[in-house]
Amino acid sequence: MAQKPHDVTLDQMLMALVKENPQAFINGNVNLLKAGATLRFPGAEDAAAIAQAEAARDIAQQNREFDEYRRRIAQVAPFATGSTGRLGLPKSKTATSQPAEPRSRLTLSNQGAVLGQRQITRDLEKQAQRAEQVADEIKALAASAVSSSPASAAAAAASGASAARARPGSQPARRGASTAGR
């Protein structure tokens, strides 16, 4: 499980996460992560570069905007069947009030990364096995090509003829010999 550094607040880390992955969040709101988004986690120095007060203010504003968004959806949702309109979240405004106390906690896990690494490992193992099979096929073809070269063919023919002479009951055909029934 990924853990945030002790000298960085959760708000700073969340804002750094949004800053590192702007394409992954709708309207830059940490509460609106796009489905299927892949995130790059910022370093502690990136998170620490964001002022604590600024991060707390921005997260509080985003939470208020998200609450407003949820209320609008709750009001419109029963009537929205078949509608093609989109409910939008307002662009972030600068907040002047004190940040609200956090109501929830975010727990980050690297389980997806571990599962992804396992899949990559399996894929690489399959590719390595296939490469070994191809290498074995190439060696077999090379050995076959060497044995079918002209010098090898002559040697094989000579060994075939001597083997035929050595077999009991086999007689080589004579040139010009008459055949029965002629």
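What share of contacts in the protein between residues at least 6 apart in sequence join residues at least 24 apart? The share is 62%, where contact means heavy atoms within 4.5 Å.

## Basis

This is a predicted model: local features need pLDDT of at least 70, side-chain atom pairs count only at pLDDT 80 or more, and totals for chains, interfaces and linings use all residues. Residues are numbered from 1 along each chain as its sequence is written, and side-chain values use heavy atoms, without hydrogens or water.

## Fold and surface

The protein has five helices and zero strands. Its pattern along the sequence is α-α-α-α-α. Helices (H or I, at least four residues) and strands (E, at least two) are DSSP runs, numbered from the N terminus.

Of 182 residues, 16% count as buried. Buried means under 20% relative accessible area, exposed over 50%, and partly exposed in between (1.4 Å probe, protein chains only). The accessible surface comes to about 14,100 Å². Carbon and sulfur atoms hold 55% of that surface.

## Salt bridges

The whole structure has four salt bridges. Each puts a side-chain nitrogen of Lys or Arg within 4 Å of a carboxyl oxygen of Asp or Glu. One of them joins Glu20 and Arg40 at 3.5 Å, N to O. This pair links distant parts of the chain: Glu20 lies in helix α1 (residues 10–20), and Arg40 in the loop between α1 and α2 (44–48), 20 residues apart. Glu20 is partly exposed at 29%, as is Arg40 at 46%.

Arg70 and Asp67 meet at 2.7 Å, N to O. They sit three residues apart in helix α3 (residues 52–76), so about one helical turn separates them. Arg70 is partly exposed at 44% relative accessibility, whereas Asp67 is buried at 15%.

How values were computed: Accessible areas come from the Shrake-Rupley method with a 1.4 Å probe; for residues, only the protein chains shown count as cover.
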